[in-house]
Amino acid sequence: MPSTEVPLLSLSELSEGQEADLFLLLSGKQTAVARNGSTYWKVTFRDAGREISFPIWADSEWAEACAGTWQPCEFYKVRAVYRETSYGPQLDIRKLRPVEKSDREAGFDPAMCLPHSRFDPEEMWTELRNLLEQHVDDEQLRTLVLKLLDDCQEDFRQFPAARRNHHAYASGLLEHVLNVTRTALYLAERYGELYPDMCPPLDKGLVVAGAVLHDVGKLREYDCGPEGAEYSPSGHLIGHILQGRDMLREAAAECDLNEETLLRLEHIIVAHQRLPEYGSPKRPLTPEAMLVHYADDIDAKMNMVYQILRDDALRGPMTSGRNVLGHPLFRGLDG
C-alpha cells in the first residue's frame, strides 16, 4: 500500500490521534521518579504556539537516545501522534532527529519555535517613538529618552518582558511597554483635567517618559537564547530596577537634563513595582510614579488573565486555581 503523506504542522494545530511532522525546541529535560519508584525523563517540547511536557519511560524505545543525545535548547524534527490523556496532552514519538540545514528549505526557522507577540514589532516601535515625540514637551527629556531607546533598539524590539507570568515571549517587552505608555498617558490626561490646580502640576510628559523607561533595565537583567529569557549574572545579583536607573544615569550624563526632572524620572523607575517584596526600594511618592505603577500592574495582570482564559484546560464555569494569579477565574456559565 502507498504510504500516507504526513503533514507538517504546529503543535497548536494537532487534534487527538493525528500524526504530523513538527519542528520543535526541546525546552526542558529532567529525571523524575514515579510513585511506583521507577525513574523516567520528563521532556518538554515547544513551538511558538504551544508547549507540551510528557514522560519518556525507562522501557521506551526512546529512553537511551533521550538520556544520551537529546539536548535542551536544541531544535528537532519530530514525527509524532498527538494524544489527549488524563495526564494532559502527550506526543507518541515515531521519529526524531536534530534539525539540519536542509530543513530551512522545508520552512524551518528558529523563530517558529519561540512564542512571540501577536503584534508587529515595527508598528509597535513606531507608535512608541511617536508617543514620546508628541507628548513629551521638554526637549532635553525627549531627546534623552529617544537616544536611550535608539541605542538599545534591537534588544528592546526582541526581548520578552519576563521569564514567565506575563508577556514572556519575543517582543513582549515592547508590547508591554507600549501598553503601559498608552494607559499611563490616558490616566495622565484624565487626571490632569480633573486636578488642574495640583501643585506642582501633573507632568504628562514625565509620565510618558517614565512609562517608556520603567522596564528598560530588563535589557541587562536577561540573557536571551533559543530557550527564552534567563537571568544574567547582574540580573541575579542586582535586578532590572536598579539597572534601569543605571542606564538612565549613563544616558543622562551626556545631556543637560534638569536635575529635578532626572530625579523624578529615576523615582518612577525605582518605584514602579511599589513594594520591596516585588523589588522596589521605594513606594511611589509622586503622582507620576503612581500612575506608571498602576498602568504597569494592570497590563501585567490582564495579560495573565488573557493567558489563563486561553490556555486553561479545565472544563466548566471556573478555571483551575493552579495558575500565576493563584485563584480561579470565572469563564462563564457555558464554559
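**Labels and their criteria**

Lys301 has a relative accessibility of 34% and counts as partly exposed. This is a predicted model, in which local features need pLDDT of at least 70, side-chain atom pairs count only at pLDDT 80 or more, and totals for chains, interfaces and linings use all residues. Residues are numbered from 1 along each chain as its sequence is written, and side-chain values use heavy atoms, with hydrogens and water left out.

Q: Why is Lys301 called partly exposed?
A: Buried means under 20% relative accessible area, exposed over 50%, and partly exposed in between (1.4 Å probe, protein chains only). Lys301, at 34%, therefore counts as partly exposed, and Asp297, at 29%, counts as partly exposed too.

Q: What makes the pairing of Asp297 and Lys301 a salt bridge?
A: A salt bridge is a side-chain nitrogen of Lys or Arg within 4 Å of a carboxyl oxygen of Asp or Glu. The N to O distance between the side chains of Asp297 and Lys301 is 2.8 Å, and the pair is a salt bridge. Both residues lie in helix 11 (residues 287-311), four residues apart, about one turn of the helix; helices are DSSP runs of H or I of at least four residues and strands are runs of E of at least two, numbered from the N terminus.

Q: Why is Glu193 called exposed?
A: The relative accessible area of Glu193 is 55%, so Glu193 is exposed. Arg190, at 28%, counts as partly exposed. The side chains of Glu193 and Arg190 meet in a salt bridge at 3.1 Å, N to O.

Q: Which parts of the chain does the salt bridge of Glu19 and Arg94 link?
A: The side chains of Glu19 and Arg94 meet at 4.0 Å, N to O, in a salt bridge. This pair links distant parts of the chain, with Glu19 in strand 1 (residues 19-33) and Arg94 in strand 5 (residues 88-98), 75 residues apart. Glu19, Arg83, Asp92 and Arg94 are linked in a network of salt bridges.

Q: What polar contacts does the side chain of His240 make?
A: A polar contact is a pair of N or O atoms within 3.5 Å; within protein, one must be able to donate a hydrogen and the other to accept it, and residues adjacent in sequence count only if both atoms are side-chain atoms. The side chain of His240 makes such a contact with the side chain of Asp215 at 3.2 Å, and with that of Glu221 at 3.4 Å.
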